[in-house]
2 protein chains.
Amino acid sequence: MKKQCPVATTMNLIDNKWKILILRDILKGPKRFGFLKKSVVGISSKMLSQNLHEMERDGILNRKVFPEVPPHVEYSLSPLGESMRPIIRSMEKWGNNYLENVKGKQQIKF
Amino acid sequence: MKKQCPVATTMNLIDNKWKILILRDILKGPKRFGFLKKSVVGISSKMLSQNLHEMERDGILNRKVFPEVPPHVEYSLSPLGESMRPIIRSMEKWGNNYLENVKGKQQIKF
DNA sequence: CTGTATCCAGACTGATACTG
DNA sequence: CAGTATCAGTCTGGATACAG
């Protein structure tokens, strides 16, 4: 019986950049659809909706509907999602270091 | 002037799961094309080649050609690539914990 | 406000073949 | 061994429109 790769396992749950960026935001606290739509620069409603559903299905996020008019929906982290904080933190640290020490000293397109 | 998001910066350089899986392997030591082709389950020669080129262009990988017959090419980490180790490590840790404590069970232990 | 539905262009894959 | 080239079929993602 073949042992599963832990890195691949992780990537099966956060398999695109949108999920990483969504997590980045919700790690700071519960967020609404409209907020995420603006905060996750470049994402379409379709992709946001789809990724939120997948993350809810995978047990990373909780979805709470407030019975109000106009509609109010909040996405928050489950314990499983919260446990991903170190992954996002490591990316944040790396990105900060890159922006401070690397970018501009090399020719990399953004 | 708007501050760039470090997480998004990171995701601009490792923007798909192939790169993560390639990094995972090369972090253990220099690897050859054929090894990666087998190790990164599901990747095609085309995608492997493409991603290796992009990572080399972005300064993450070094490519070394040994003047031998048959050809021998080795991919290794640059310092910038090496600095990504904590990101992969955090994913590895998370994946291990997930496989041990979450998958197949209802209860989440954290 | 919070999404769904639809169309379509481009990205990706697998297969196959071929080169140095 | 280490790729590149090409084709066809599939899937993803963006744009747009619209609904509850």
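This is a predicted model: local features need pLDDT of at least 70, side-chain atom pairs count only at pLDDT 80 or more; totals for chains, interfaces and linings use all residues.

Residues are numbered from 1 along each chain as its sequence is written, chains are lettered from A and ligands numbered from 1 in the order in which they are written, and side-chain values use heavy atoms, with hydrogens and water left out.

**Stop 1: chain A.** Going from the N terminus, the order is α-α-β-α-α-β-β-α-α. The C-alpha atoms fill a box of roughly 50 × 45 × 20 Å along the principal axes. Of the 110 residues in chain A, 43% are buried (under 20% relative accessible area; exposed is over 50%, partly exposed in between, with a 1.4 Å probe and protein chains only).

**Stop 2: the core.** Now select A:Leu23, A:Ile60, A:Met84, B:Leu23, B:Ile60 and B:Met84, the residues with the most contacts inside the largest nonpolar core, which has 60 residues. Such a core is a set of buried Ala, Val, Leu, Ile, Met, Phe, Trp, Tyr and Cys residues joined through side-chain atoms within 4.5 Å. Zoom in on B:Leu23: leaving out residues up to four places away in sequence, its partners include B:Ile14, B:Met55, B:Leu77 and B:Ile88. Contact here means heavy atoms within 4.5 Å.

**Stop 3: helix H6 of chain B.** Select residues 85–102 of chain B, a helix of 18 residues that reaches 24 Å from its first C-alpha to its last, close to the 26 Å expected at 1.5 Å a residue (1.5 Å times one less than the number of residues). Its buried residues include B:Ile88, B:Met91, B:Trp94 and B:Tyr98. Show chain A too: its helices H1 (6–13), H5 (79–82) and H6 (85–102) are among what covers those buried residues, together with H1 (6–13) and H2 (17–26) of chain B.

**Stop 4: B:Thr10.** Is this residue buried or exposed? B:Thr10 counts as buried because its relative accessibility is 0%. It sits in helix H1 of chain B, and beyond its neighbours within four places in sequence it is in contact with A:Met91, A:Trp94, A:Gly95 and B:Ile87.

**Stop 5: the largest pocket.** Select A:Arg24, A:Val41, B:Gln4, B:Cys5 and B:Ala8, which lie nearest the centre of the largest pocket among its 16 lining residues. The volume is about 430 Å³, and H1(B) gives the most to the lining, with five residues. The lining divides into eight nonpolar, four polar and four charged residues.

**Stop 6: the second largest pocket.** Move to A:Cys5, A:Ala8, B:Arg24, B:Ser39 and B:Val41, the nearest to the centre among 14 lining residues. About 300 Å³ of space lies in this pocket.**Reading the pockets.** On a 1 Å grid over the protein atoms alone, a pocket is an open set of points with protein on both sides within 12 Å along at least five of seven lines, and lining residues have an atom within 4 Å of a point. Points join across faces, edges and corners, and volume is the space filled by probe spheres set on them. Ala, Val, Leu, Ile, Met, Phe, Trp, Tyr, Cys and Pro count as nonpolar, Asp, Glu, Lys and Arg as charged, the others as polar.

Note on methods: Helices (H or I, at least four residues) and strands (E, at least two) are DSSP runs, numbered from the N terminus. On a 1 Å grid over the protein atoms alone, a cavity is a set of points where a 1.4 Å probe fits but cannot get out, and a pocket is an open set with protein on both sides within 12 Å along at least five of seven lines; lining residues have an atom within 4 Å of a point.
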